[in-house]
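Biologist: Hi, I'm new to this one. Could you walk me through it?
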Amino acid sequence: MSENNILELVVSSLKALSSSMEAMNEKIESIEKRLDSMEKRMDNLEKRMDGLEKRLTSLEVKVRVVKNFVFPIYNVSCKVGLCY
């Protein structure tokens, strides 16, 4: 093999390696974008979960109020004959 053939082989190998690395970089960038998108979605889901948790807590408080005030009044009313 002559020096020119060896140099051509090295150059073509380097070009192939370079294009392969460019393709890999594009894939990495695509994956990074997808991860960023997923991270934003997770943040939104966490905010929604926090909101739902606050609503649930509010409902629990309302249920306790009903349980502690309305039911005793109802029970007393039934004991004195006002229950239908």
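**A first look**

Modeller: Happy to! The chain has 1 helix and 0 strands, where helices (H or I, at least four residues) and strands (E, at least two) are DSSP runs numbered from the N terminus. It is a predicted model, where local features need pLDDT of at least 70, side-chain atom pairs count only at pLDDT 80 or more, and totals for chains, interfaces and linings use all residues. Residues are numbered from 1 along each chain as its sequence is written, and side-chain values use heavy atoms, leaving out hydrogens and water.

Biologist: How much of the chain is buried?

Modeller: Buried residues are 0% of the 84 in the chain; buried means under 20% relative accessible area, exposed over 50%, partly exposed in between (1.4 Å probe, protein chains only).

Biologist: And where is Glu53?

Modeller: Glu53 sits in helix 1, residues 3–79.

Biologist: Is Glu53 buried or exposed?

Modeller: Glu53 is exposed, at 53% relative accessible area.

Biologist: Switching topic, where does Leu17 lie?

Modeller: Leu17 is in helix 1 too, and its 46% relative accessibility makes it partly exposed.
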